[in-house]
Amino acid sequence: MKPSSKAVMIGCISFFVFLYGNLLFGGLVGSLIPGGDDFINSYFYPLYTAVTLLISLIISCTYIVLKKNQSDFLDKMEEK
């Protein structure tokens with residue numbers, strides 16, 4: 001099954017929204033914590049990227065599953 005282009009776009013957009021939101025928000029919170037600086041926070045950037053990738057995959061897969069369930073539901077309603 002080929003993923004639809006809309007699901008891919010939703011995944012890409014959610015990746016960038018969560019990635020840059022995380023980096024901006026995480027940097028702000030890290031600067032407010034005593035002892036937190038940009039050098040220490042830079043070690044968390046790979047973790048931010050991994051979590052963001054997982055979030056975007058979950059959003060894309062959820063969209064695909066919902067579209068599939070919706071089409072199955074509509075097919076069953078047409079049969080009745």
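Rings of Phe, Tyr and Trp (its six-membered ring) pair if their centres lie within 6.5 Å; planes under 30 degrees apart are stacked, over 60 edge-to-face, and the rest tilted. By this rule there is one aromatic pair. The ring centres of F15 and F16 lie 5.4 Å apart with planes at 75°, so the pair is edge-to-face.

This is a predicted model: local features need pLDDT of at least 70, side-chain atom pairs count only at pLDDT 80 or more, and totals for chains, interfaces and linings use all residues. Residues are numbered from 1 along each chain as its sequence is written, and side-chain values use heavy atoms, without hydrogens or water.

**Confidence.** pLDDT is the predictor's confidence in each residue, from 0 to 100. The chain averages 76, and 78% of the residues score at least 70. Confidence is lowest in helix α2 (residues 38-41), at a mean of 67. Helix α3 (residues 45-79) has the highest, at 81. Helices are DSSP runs (H or I, at least four residues), numbered from the N terminus.

**Burial.** Buried means under 20% relative accessible area, exposed over 50%, and partly exposed in between (1.4 Å probe, protein chains only).

| Residue | Relative accessible area | Class |
|---|---|---|
| S14 | 8% | buried |
| F15 | 17% | buried |
| F16 | 43% | partly exposed |
| V17 | 52% | exposed |

**Helix α1.** S14 sits in helix α1 (residues 5-32). Leaving out residues up to four places away in sequence, S14 touches S56 and I59. Contact here means heavy atoms within 4.5 Å. V17 is also in helix α1.

How values were computed:
Helix = DSSP H or I, 4+ residues; strand = E, 2+ residues; numbered from the N terminus.
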